[in-house]
Amino acid sequence: MSVPSSRAAAPSEADAREAEFAGALLELADGAADGAAPDDARPGAGEADGSHAKLTALAVHARHRLAREGRACETAALLGAPSEADPVRHGYSGARAARLRHVEHEQREGPATDTLRTGTALSTLPLNGAAARWPRYAPAALEAGVCAVHTVALPDIRSDHGAGVLVVHLDEETPLGPAATAALTALARACALGLAHRTALRRGAELKRALGSRVVIEQAKGVLAERRNGSVDDAFRTLRAYARSRQRPLHQVAREVVEAQLLDPPFQRPAAPPPARRNR
C-alpha cells in the first residue's frame with residue numbers, strides 16, 4: 001500500500017487563500033470582532049475623527065484580496081453620517097486612500113460621494129474621462145497615481161448607520177474580473193452584517209438596562225408607599241420630584257430608596273401621633 005507524500009497531504013496555496021478569505025468574512029460578520037463593547041456601534045462612538053475598527057478591517061481585507069490577483073490599489077470604507085453633527089465613519093488601507101477621502105470631503109464630489117448619495121455602485125470607472133463628472137476630484141486622484149475607481153455599496157441592513165460604501169482606488173484601468181467583484185461584494189456584505197449584529201447587541205443591552213431600571217422604580221414605589229402609608233402614585237411623584245430637584249437619574253434614586261440609603265425627608269416614615277391623653 002502506498003503512503004501519501006507530505007507534498008500531497010499539504011493544503012494547496014489556493015486552499016490556503018480560500019481559508020484566509022473565509023476567515024476575513026467571519027471576522028467582518030462578527031459583531032464583536034474588533035474586541036470593542038457593543039456600545040461603540042452607535043454613531044459618534046470611537047475615535048473623535050470618525051475612525052472605525054470594522055471599516056478599517058474591511059478596507060484592509062479588500063486590498064489584500066485584490067493584491068492576490070496582482071492588482072495594486074488602496075481602499076477606503078465609509079458610512080454616511082446620520083446627521084450633520086456626526087462624523088463620517090471610515091477606515092482606510094493606506095495614506096493615499098485617506099488623502100483622497102479628504103479631497104472628496106472638501107470638494108463634495110467623487111466616487112464615494114456618488115455611491116453614498118445614490119446607492120449605485122461604480123464598476124471600474126477610468127478617471128481619464130471623468131473630469132466632466134468630477135472636475136476637482138478626478139485631477140487630484142490622477143495626480144496621486146490613481147487610474148480608475150471601483151465602488152461597492154454596503155447592503156442596507158438594519159443598523160444605526162446609514163448607507164455605506166467600499167471604494168477601490170486602482171493603479172491601472174483594467175476592469176476588475178467577476179471573481180474579484182464577487183469577493184468585494186461578499187466582504188462588504190459581511191461587514192454590513194457585523195455592523196447590524198453590533199447594533200442588535202447594543203439595543204439588547206439598552207433594553208436590559210431599561211427593564212432593570214423599570215423594575216427598581218416599581219420596587220421603590222412600593223417601598224415608599226408602604227413606608228409613608230400612601231399610594232404608589234404619590235410615591236412616584238415624590239421620587240420624580242426628588243430626582244429632578246437634584247438632577248439625578250430616577251432609577252438611581254429609586255435604588256437608594258429600595259436599599260434604605262435614603263431615609264431623610266421626603267423619604268422618612270411619618271411621625272407617630274402622640275398618645276391620646278386620658279381624662280381622670
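Which residues in H3 are buried?

**View 1. Helix H3 and its buried residues.** In H3 the buried residues are Lys54, Leu55, Ala57, Leu58, Ala59, Ala62, Arg65 and Leu66, where buried means under 20% relative accessible area, exposed means over 50%, and partly exposed lies in between (1.4 Å probe, protein chains only). The structure is a predicted model, in which local features need pLDDT of at least 70 and side-chain atom pairs count only at pLDDT 80 or more, while totals for chains, interfaces and linings use all residues. Residues are numbered from 1 along each chain as its sequence is written, and side-chain values use heavy atoms, with hydrogens and water left out. Helices (H or I, at least four residues) and strands (E, at least two) are DSSP runs, numbered from the N terminus. H3 has 15 residues and reaches 21 Å from its first C-alpha to its last, close to the 21 Å expected at 1.5 Å a residue, the expected span being 1.5 Å times one less than the number of residues. The buried residues of H3 pack against H2, strand S1 (73-79), strand S2 (89-92), strand S4 (148-154), strand S5 (164-170) and helix H7 (178-228).

**View 2. Arg65 and the ring of Phe21.** Arg65, one of the buried residues of H3, lies over the face of Phe21 at 5.7 Å from the ring centre; the criterion is NZ of Lys or CZ of Arg within 6 Å of the ring centre and within 35 degrees of the ring normal.

View 3. Ser51 is placed in the loop between helix H2 (13-29) and helix H3 (53-67), and is buried, with a relative accessible area of 18%. Leaving aside its neighbours within four places in sequence, Ser51 is in contact (heavy atoms within 4.5 Å) with Arg89 and His90.

**View 4. Aromatic pairs.** Rings of Phe, Tyr and Trp (its six-membered ring) pair if their centres lie within 6.5 Å, and planes under 30 degrees apart count as stacked, over 60 as edge-to-face and the rest as tilted; by this rule there are 2 aromatic pairs. Trp134 and Tyr137 form an edge-to-face pair, 5.7 Å centre to centre with 90° between the planes, and both residues are buried. The ring centres of Tyr242 and Phe267 are 4.8 Å apart and their planes stand at 65°, so this pair is also edge-to-face. It links distant parts of the chain, with Tyr242 in helix H8 (residues 232-245) and Phe267 in the segment after helix H9 (250-258), 25 residues apart.
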